[in-house]
Amino acid sequence: MEKQPYLQIRQLTKSFGHIEALRNANLDACQGEILAIVGDNGAGKSTLIKTLSGALTPDSGVITINGQAYAHLTPKLAEEKGITTVYQDLSLVNTQTVWENIFLGHEYRRLGWLNKKKMRRETAELLKRLHVSIQDQEAIVGHLSGGQRQAIAVARAIRQGGKMIILDEPTAAMGFKETAAVQKLIRNLADQGYGIIIISHNIQQVFELSNRICVMRQGEVLALLDTKSVTADEIVSMIVGGTAVNGVKQ
Amino acid sequence: MKQYVTKEAKSLFAAMINRSFPQILLTLALLILILILSLTSEYFLAWKNFRNILDQCSVYLILSLGMAFVIASGGIDLSVGSIAGMCGVIMAVLMHSGMQTYPAILLSLGIGIATGAVNGVIISLIRINPFITTLATMTITRGIALVLTGGVSIYGFEQSFKWWGTGNIGPLNPPIVLSLLLTLVSFLIMRRTLWGKYSLSLGGNAEALRRSGVRINLYRISIYAVSGFCAAIAGLIMTARLNSAAPLAGSTYEMDAIAAVVLGGGSLSGGSGSIFGVFIACITLSVLRNGLTLLSIPTYFQQLITGGVILIAIIIAQLRSNRDRLH
């Protein structure tokens, strides 16, 4: 039986003046799978992500989350519906601790005071569940490695109720070891049933991680393909201007 | 379980020591200073002198508490000295025009809060640099004080007003008690409340806080309003203590407040701050000034020495901050 998509977009369009950043984009994403979105600069990836996270309002089209249709989302609504975005800059407060970052904006309070004990305890549990290796949750985030910082940003997305996690360039500017750790975390999340959408320019990584690949060009979803049914050369060809192969042209 | 608790406790302790390093260093410096002065001056350890130090420190401490939150949030408030002066003048004008003491005090405190909030609104909503904004309000509020007084001090107030500067609460006086009370409240707010945590988060990464769904403009405005409130309280104490509202009162006090916050471990780039550090820094500066006076060091040299000590301490703090960033 085919998986029911958790997130569906249909005929999504967004223009900035006379520039069409998104043109009738269609896309499905399921829980427990990793969907990679690839495309050249200006292909519409960022616009699509910002629309899904509620930062941008589409001109037309429908976004369906878990069976419920919306003309547009707000950041709060997207979060409530389990769509959380981990931006490339990670949005971490580098001067604060691991647990302070994980609970940023969603702190527990008791009689008006911060309930630090509960937040520390839940952070330890969350990191353990996600198999994230950070020895000291009192560590200042700015002192941690890129991989650990990415893991904290992902853990925060999960903590905020994320069911579909959008990761924008999750391993940009990371070393080999850190990249491997983040990729392991992403696979782990998919195995635990979370839906993952990654935006990446790293074609090798896309093939290592994803179940499906969405190719975007000039605001259009050019093709949505099973990763196993396509080669890296074919994907690159589509990105740079060749024709869609082996997949469904949207 | 026992092992886990022990490990967690160790981690918490290590983090506390690491984070409090500037305050520990400053406390050691204060203790050394006290030791030197107690050996070189027979008057230094007298209770009267100790009370005098706390009394002299109280206005700076109150201004520094508000400044600590502003600097933690990545801002700066150059207008606090002038707001203090203006609020003192407004209290005096209101009381001399027949208003009762407490309504006049409350109205002036409200004006202090409103002036701070105006700073916050301009900085948050019109997005003008805090330095420029508060530089402008510093000039405006000083101008208001001069216009209201015609450049001449207003003096002579009722005993109920003067009590706030010269009264007694047990062995202490109202300025000391008020400043210590505000220090305790500020400490709890910064360490234990959402507002305190968001003040620090704003300075650490305002965009991250905004993306987390926090209405950062409201927090920023309220932080400047609190700074204005602290300045107004300082104005109340200064006016009551001297039984006189001088239009130029509080000039350059903002510099002492900024110095105390940075000495106490706050970073001018925001994201860090310690109320305990601010308290120790204010005491240290007051002890230093007091000691220099007791040792009969001429006033001009006192300025030179105090400025030099502040500069050295700030260089040490900055070197440590740079090292942390490279870590």
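Q: Why does B:Trp47 count as partly exposed?
A: The relative accessibility of B:Trp47 is 45%. Buried means under 20% relative accessible area, exposed means over 50%, and partly exposed lies in between, with a 1.4 Å probe and protein chains only. B:Trp47 therefore counts as partly exposed, and B:Phe50, with a relative accessible area of 42%, is partly exposed as well. The model is a predicted one, in which local features need pLDDT of at least 70 and side-chain atom pairs count only at pLDDT 80 or more, while totals for chains, interfaces and linings use all residues. Residues are numbered from 1 along each chain as its sequence is written, chains are lettered from A and ligands numbered from 1 in the order in which they are written, and side-chain values use heavy atoms, with hydrogens and water left out.

Q: What makes B:Trp47 and B:Phe50 a tilted aromatic pair?
A: Rings of Phe, Tyr and Trp (its six-membered ring) pair if their centres lie within 6.5 Å; planes under 30 degrees apart count as stacked, over 60 as edge-to-face and the rest as tilted. The centres of B:Trp47 and B:Phe50 are 5.7 Å apart, with 45° between the planes, and the pair is tilted. These two residues are 3 residues apart in helix 3 (residues 47-72) of chain B, separated by about one helical turn.

Q: Which parts does the pair of B:Tyr60 and B:Tyr253 tie together?
A: B:Tyr60 and B:Tyr253 form a tilted pair, 5.0 Å centre to centre and 40° between the planes. B:Tyr60 lies in helix 3 of chain B and B:Tyr253 in helix 11 (residues 253-263) of chain B, so the pair ties together parts that are 193 residues apart in sequence. Helices (H or I, at least four residues) and strands (E, at least two) are DSSP runs, numbered from the N terminus. B:Tyr60 is partly exposed at 21% relative accessibility, and B:Tyr253 is partly exposed at 22%.

Q: What lies over the face of A:Tyr87?
A: A charge sits over a ring if NZ of Lys or CZ of Arg is within 6 Å of the ring centre and within 35 degrees of the ring normal. B:Arg211 lies over the face of A:Tyr87, at 4.1 Å from the ring centre. Within chain A, A:Lys118 lies over the face of A:Tyr108, at 4.2 Å from the ring centre.

Q: Why is strand 3 of chain A called mostly covered?
A: In strand 3 (residues 34-39) of chain A, 6 of its 6 residues are buried. A:Ile34, A:Ala36 and A:Val38 point one way, whereas A:Leu35, A:Ile37 and A:Gly39 point the other way.

Q: How many bridges join strand 3 of chain A to strand 11 of chain A?
A: Two strands pair if DSSP finds at least two bridges between them. Strand 3 and strand 11 (residues 212-217) of chain A run parallel and are joined by 5 bridges, with A:Gly39 opposite A:Met216. Strand 3 also pairs with strand 10 (residues 195-199) of chain A in the parallel sense over 4 bridges; there, A:Ala36 has A:Ile198 as its bridge partner.

Q: Why is one side of strand 2 and of strand 5 of chain A left without a neighbour in the sheet?
A: In chain A, 4 strands form an open antiparallel sheet in the order 2-1-4-5. Strand 2 (19-29) and strand 5 (68-70) stand at its edges, each with a single partner strand, so one side of each has no neighbour in the sheet.
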